Structure formats: C-alpha cells, structure tokens
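Morning, everyone. I'll walk through one model today, from the whole chain down to single residues. Please have the sequence and the structure open.

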Amino acid sequence: MQAQDILPDHANDVQIDGTTIRKGTVGAFLHNAAVLRQADISDAQRQHALNDILAALPALKALGLFDTLEIRDPQLRDFVESRL
C-alpha cells in the first residue's frame, strides 16, 4: 500500500472509524515530539506542543500508530498512554 491509497493527492483528510484524519497529522506529531525533546523550550512552548499532541491522539489512534510503533521518550510515552 502506498500513501495515495489511504489519502489521495487531491484529498486533505480521510475518515477512519468515524474519526477525521487530516493530511500531515503524523508529521505534526513527530514535529511536536521533537519540540518536547529540546532542553531550551519555554513552558508555554512545551504546553502548546502537548496540547497539539493531545488534539491529534484520536486520529493517531484511529490510524493504529501506537499499535505498531512505541514511543521511546519515556515522558512522552507516559503522557500519550495516560490519555489513550
């Protein structure tokens, strides 16, 4: 299967099990995870990244991301697992 089989180029989102998944959801999650690994971010930046991750969790769960991949960062893993 290729990316266009799940989300064609002309589409910006897809419905899976009643959850809307926007193009870029996984990429945004990875970006926010990288932000959280930075030692010099402010509390506001950290909270913003966590809020964005929290908002994306239903879509990431519908995709089955966490059934396949394990989050290696212990703090982020605990945060995600406590909210799934």
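I'll start with ground rules, then the overall layout, then the helices and a few loops.

This is a predicted model, so local features need pLDDT of at least 70, side-chain atom pairs count only at pLDDT 80 or more, and totals for chains, interfaces and linings use all residues. Residues are numbered from 1 along each chain as its sequence is written, and side-chain values use heavy atoms, with hydrogens and water left out.

First, the layout. The protein chain has five helices and two strands. Helices here are DSSP runs of H or I with at least four residues, strands are runs of E with at least two, and both are numbered from the N terminus. Read from the N terminus, the order is α-β-β-α-α-α-α. Along its principal axes, the C-alpha trace spans about 40 × 25 × 20 Å.

How much of the chain is buried? Of the 84 residues, 30% are buried. Buried means under 20% relative accessible area, exposed means over 50%, and partly exposed is in between, using a 1.4 Å probe and protein chains only. Now contacts, meaning heavy atoms within 4.5 Å. Take those between residues at least 6 apart in sequence: 46% of them join residues at least 24 apart.

On to helix α2, residues 25-37. It has 13 residues, and at 1.5 Å a residue they should span 18 Å. The expected span is 1.5 Å times one less than the number of residues. The end C-alpha atoms are 19 Å apart, which agrees.

Which residues of α2 are buried? They are Thr-25, Phe-29, Asn-32, Ala-33, Val-35 and Leu-36. These cover an arc of only 155° around the axis, so they sit on the same side of α2. That arc is taken from the directions from the helix axis to the C-beta atoms. As background, an α-helix has 3.6 residues a turn, so residues three or four places apart point the same way.

What covers the buried residues of α2? The cover includes β2 (19-22), α3 (43-63), α4 (65-68) and α5 (74-81).

Take α3 next. The axes of α2 and α3 come within 9 Å and cross at roughly 145°. Axes are lines fitted to C-alpha atoms, for helices over the stretch in contact, and angles run from 0 to 180 degrees between N-to-C directions. From α2, the contact uses Thr-25, Val-26, Phe-29, Asn-32, Ala-33, Val-35 and Leu-36. From α3, the partners include Arg-46, Ala-49, Asp-52, Ile-53 and Leu-63. The residues of this contact divide into 12 nonpolar, two polar and two charged. Nonpolar covers Ala, Val, Leu, Ile, Met, Phe, Trp, Tyr, Cys and Pro; charged covers Asp, Glu, Lys and Arg; the others, Gly among them, are polar.

Zoom in on Asn-32, in helix α2. Asn-32 is buried, at a relative accessible area of 8%. Leaving out residues up to four places away in sequence, Asn-32 touches Ala-49, Asp-52 and Ile-53.

Now α5. Its buried residues include Leu-76, Phe-79 and Val-80. They cover an arc of only 95° around the axis, which puts them on the same side of α5. Among the elements covering them are α2, α3 and α4.

Ile-41 is in the loop between α2 and α3. Is Ile-41 buried or exposed? Ile-41 counts as buried, at 12% relative accessibility. Beyond its neighbours within four places in sequence, Ile-41 contacts Val-35, Leu-36 and Arg-46.

Asp-17 is in the loop between β1 (13-16) and β2. Asp-17 is exposed, with a relative accessible area of 74%. Its phi is near 50°, a positive value in a residue other than glycine.

Asp-73 lies in the loop between α4 and α5. Asp-73 is partly exposed, at 28% relative accessible area.

Finally, Gln-2 comes in the segment before α1 (3-6). Gln-2 is partly exposed, at 48%. From Gln-2 to Asn-32 is 30 residues in sequence and 25 Å in space, C-alpha to C-alpha.
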